[in-house]
Amino acid sequence: MTDLDQLTQSLARNLKHWRAERGYTLDALAARAGVSRGMIIQIEQARTNPSVGTTVKIADALGVSITTLLDYEQGPQVRIVAPSEAVRLWSTEAGSSTTLLVGAEAPGPYELWDWRLMPGDSSASDPHPPGSVELLHVRAGTLTLVVDGAEHAVPAGASATFEAKVAHGYRNDGTEPVEMTMSVIIPLAR
């Protein structure tokens with residue numbers, strides 16, 4: 001089997017899987033993606049290799065990355081992310097940082113974060129889509145969690161959850177670093 005054949009088979013299998021996972025009919029997915037029903041049928045039957053643009057449209061309509069849609073792996077997947085592979089997305093000169101530890105895409109984007117906030121540092125976030133939820137656990141220090149303008153003290157050992165559809169942020173008003181683990185769950189756009 002050539003690489004192109006393997007890619008075609010993988011795309012067919014994954015498209016069927018994600019369309020079923022999302023509960024989309026052929027017509028519903030075609031409408032969401034802006035491609036023809038016939039194109040989706042041909043892809044699911046491994047009879048065509050769509051353009052990159054078409055594949056991106058379908059991935060976006062399903063709410064998954066193009067990498068997930070084209071993944072060659074079969075069967076149950078376990079993904080181990082080594083510490084060196086975790087992605088640092090934000091940091092300050094004072095030593096505050098956020099690191100995306102791991103993420104998943106079923107039933108929607110789901111992320112696990114490691115946070116470190118140095119004294120006096122803060123990070124603000126715009127509202128996430130309706131239905132988004134954040135869960136966090138403070139391992140050290142006292143976090144000032146700000147949700148829709150209201151401040152909440154979350155001490156070491158405590159956990160919190162909130163609907164993240166409003167502006168929110170994290171602040172360290174204390175004298176020691178805040179260390180926390182946070183999960184972000186974002187629902188699929190329907």
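Asp-71 is partly exposed, with a relative accessible area of 25%. For the cut-offs, buried is under 20% relative accessible area, exposed is over 50%, and partly exposed is in between, with a 1.4 Å probe and protein chains only. You'll find Asp-71 in the loop between helix 5 (66-70) and strand 1. Helices here are DSSP runs of H or I with at least four residues, strands are runs of E with at least two, and the numbering goes from the N terminus.

Quick housekeeping. This is a predicted model, with local features needing pLDDT of at least 70 and side-chain atom pairs counting only at pLDDT 80 or more, while totals for chains, interfaces and linings use all residues. Residues are numbered from 1 along each chain as its sequence is written, and side-chain values use heavy atoms, with hydrogens and water left out.

Okay, backbone next. Most residues other than glycine have a negative phi. So which spots have a positive phi of about 55 degrees without being a glycine? Ala-46 is one of them, and you'll see it in the loop between helix 3 (37-44) and helix 4 (52-62). Ala-46 comes out as partly exposed, at 22% relative accessibility. Then there's Asp-148, also not a glycine, with a positive phi near 55 degrees. That residue is in the loop between strand 6 (142-147) and strand 7 (150-155), and Asp-148 is exposed, at 58% relative accessible area.

On to the rings. How many aromatic pairs does the structure hold? Two. To count, ring centres of Phe, Tyr or Trp (the six-membered ring for Trp) have to lie within 6.5 Å; planes under 30 degrees apart are stacked, over 60 edge-to-face, and the rest tilted. Trp-90 and Trp-115 make a tilted pair, 5.9 Å centre to centre and 45 degrees between the planes. That pair links distant parts of the chain, with Trp-90 in strand 1 (residues 87-91) and Trp-115 in strand 3 (residues 110-117), 25 residues apart. Trp-90 is partly exposed at 23%, whereas Trp-115 counts as buried at 6%. Trp-115 also pairs with Tyr-170, again tilted, at 4.7 Å centre to centre and 55 degrees between the planes. Here the link runs from strand 3 to strand 9 (residues 168-171), 55 residues apart. Tyr-170 is buried too, at 3% relative accessibility. Put together, the ring pairs join Trp-90, Trp-115 and Tyr-170 into a cluster.

Now the charges. A search of the whole structure turns up eight salt bridges, where a salt bridge is a side-chain nitrogen of Lys or Arg within 4 Å of a carboxyl oxygen of Asp or Glu. One of them is Asp-27 with Arg-37, at 3.0 Å from N to O. Asp-27 belongs to helix 2 (residues 26-33) and Arg-37 to helix 3, 10 residues apart.

Then go over to Arg-139. Its side chain meets Asp-114 in a salt bridge at 2.9 Å, N to O, and that one connects strand 5 with strand 3, 25 residues apart. Arg-139 is partly exposed at 37%, and so is Asp-114 at 25%. Arg-139 has another partner in Glu-179, with the closest N and O atoms 4.0 Å apart. Glu-179 is in strand 10 (residues 178-185) and Arg-139 in strand 5, so this pair ties together parts that are 40 residues apart in sequence. And there's a network of salt bridges here, linking Asp-114, Arg-116, Arg-139 and Glu-179.

Last stop, strand 5 (residues 133-140), where Leu-135 has its place. Strand 5 runs antiparallel to strand 8, and five bridges join them; strands pair if DSSP finds at least two bridges between them. Thr-161 is the bridge partner of Leu-135 in strand 8. Which face of strand 8 (residues 159-163) is covered, and which uncovered? Ala-160 and Phe-162 are on the covered face, and Ser-159, Thr-161 and Glu-163 on the uncovered one. As for Leu-135, it's partly exposed, at 36%.
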